[in-house]
Amino acid sequence: MTPRAAHQLFALARDPAVSEHLQWKAHESVDDSLEYIHDARALWQRGRAWLPGIFDHAREQLVGCTGISSIDRANRRAEAGTWIGVPFQGHGYNLESKAALATFAFEHLELARVEFLTRCDNPRSLAAMRKLPGIREEGMLAERIWRDGVGHDAVQFALLASEFDPATWPAVTVDRASVS
Ligand SMILES: CC(C)(COP(=O)(O)OP(=O)(O)OC[C@H]1O[C@@H](n2cnc3c(N)ncnc32)[C@H](O)[C@@H]1OP(=O)(O)O)[C@@H](O)C(=O)NCCC(=O)NCCS
């Protein structure tokens, strides 16, 4: 994402329904969105995270965000997360973006394992996770996600490079120039 996307990001991230179950608060101004974009780019430059936007190019529209953070090179693992703006949920962007994320994690970052945490009180996300090809459901972690002073139980999911079969996912094309 570049700062050009800040207004579209703000239009989606200002809705509290999007981040209700996540670890960040609804954006209050375009400056919050710009700060996210700057932080995401800085983390990528330091090799710490990859936090791209999800764009529908035909509509010239940012529809959500995805990404890989807590990259642990020694153990070839990282944590992943996605959110889709409310007007764009239920249109298939989640599966498409997870396909891109898995391809990037396994083929470009050469990770062996990508983990996803979903709060137990987020049925829509649990349903979306359980639909992913080859997803492993590894169990419930008690009080794993804290928000506003409350600890929430979460289900841990994982994708493994050794089990990743691109034929079972939407096709992905990587533009090498844009990820170097
Ligand atoms: C989770 C999220 C990324 C999924 O994307 P999406 O576009 O909504 O995903 P889909 O609509 O393809 O899949 C959601 C599934 O949940 C089902 N679903 C929809 N609303 C639901 C609800 N209130 N309760 C339970 N299941 C629900 C859908 O029917 C669908 O399953 P189906 O295809 O078998 O019918 C998106 O909803 C989102 O961004 N939510 C807010 C942020 C978030 O929670 N992110 C995940 C953090 S772990």
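This is a predicted model: local features need pLDDT of at least 70, side-chain atom pairs count only at pLDDT 80 or more; totals for chains, interfaces and linings use all residues.
Biologist: What makes methionine 140 count as exposed rather than buried?

Modeller: Methionine 140 has 11 other C-beta atoms within 10 Å, and a residue is called exposed if that number is 12 or fewer, so methionine 140 is exposed. Its place in the chain is in strand β5, which covers residues 136–147.

Biologist: Which residues is methionine 140 in contact with, once its neighbours within four places in sequence are left aside?

Modeller: Those residues are Cys120, Asp153 and Val155, and the word contact is used because the C-beta atoms of two such residues lie within 7 Å. Arginine 59, by comparison, is 81 residues from methionine 140 in sequence and 38 Å from it in space, C-alpha to C-alpha.

Biologist: Why is the protein chain called as compact as a globular protein of its length, and how many helices and strands are there?

Modeller: The protein chain has six helices and six strands, which run α-α-α-β-β-β-α-β-α-β-β-α from the N terminus on. Its radius of gyration is 16 Å, close to the 16 Å that the globule rule gives for 180 residues, and therefore the chain is as compact as a globular protein of that length. The C-alpha atoms fill a box of roughly 45 × 40 × 30 Å, taken along the principal axes, and 23% of the 180 residues count as buried.

Biologist: What makes a group of residues a nonpolar core here, and which residues have the most contacts inside the largest one?

Modeller: The members must be buried residues of the nonpolar kinds listed for a core, joined through C-beta atoms within 7 Å; the largest such set has 16 residues, and those with the most contacts inside it are Ile68, Ala78, Ala80, Leu101, Ala102, Ala105 and Val114. Two or more residues come from each of β3, α4, β4 and β6, with the largest share, five residues, coming from α4. A second, separate core of 13 residues includes Leu9, Ile54, Val63 and Trp83.

Biologist: Which residues come nearest to the ligand, and which element gives the most to the shell around it?

Modeller: The shell has 19 residues, of which Gln89, Asn94, Pro123, Ser125 and Ala127 come nearest to the ligand. Helix α5 gives the most, with five residues, while β3, α4 and α5 each supply at least two.

Biologist: How many residues of that shell are nonpolar, polar and charged?

Modeller: The shell around the ligand divides into eight nonpolar, nine polar and two charged residues.

Conventions
Residues are numbered from 1 along each chain as its sequence is written. Helices (H or I, at least four residues) and strands (E, at least two) are DSSP runs, numbered from the N terminus. A residue is buried if 20 or more other C-beta atoms lie within 10 Å of its own, exposed if 12 or fewer, and partly exposed in between; C-beta atoms are placed from the backbone. The radius of gyration is taken over C-alpha atoms; the globule rule is 2.2 Å times the number of residues to the power 0.38. A residue is near a molecule or strand if its C-beta atom, placed from the backbone, lies within 6 Å of it. Ala, Val, Leu, Ile, Met, Phe, Trp, Tyr, Cys and Pro count as nonpolar, Asp, Glu, Lys and Arg as charged, and the others, Gly among them, as polar.
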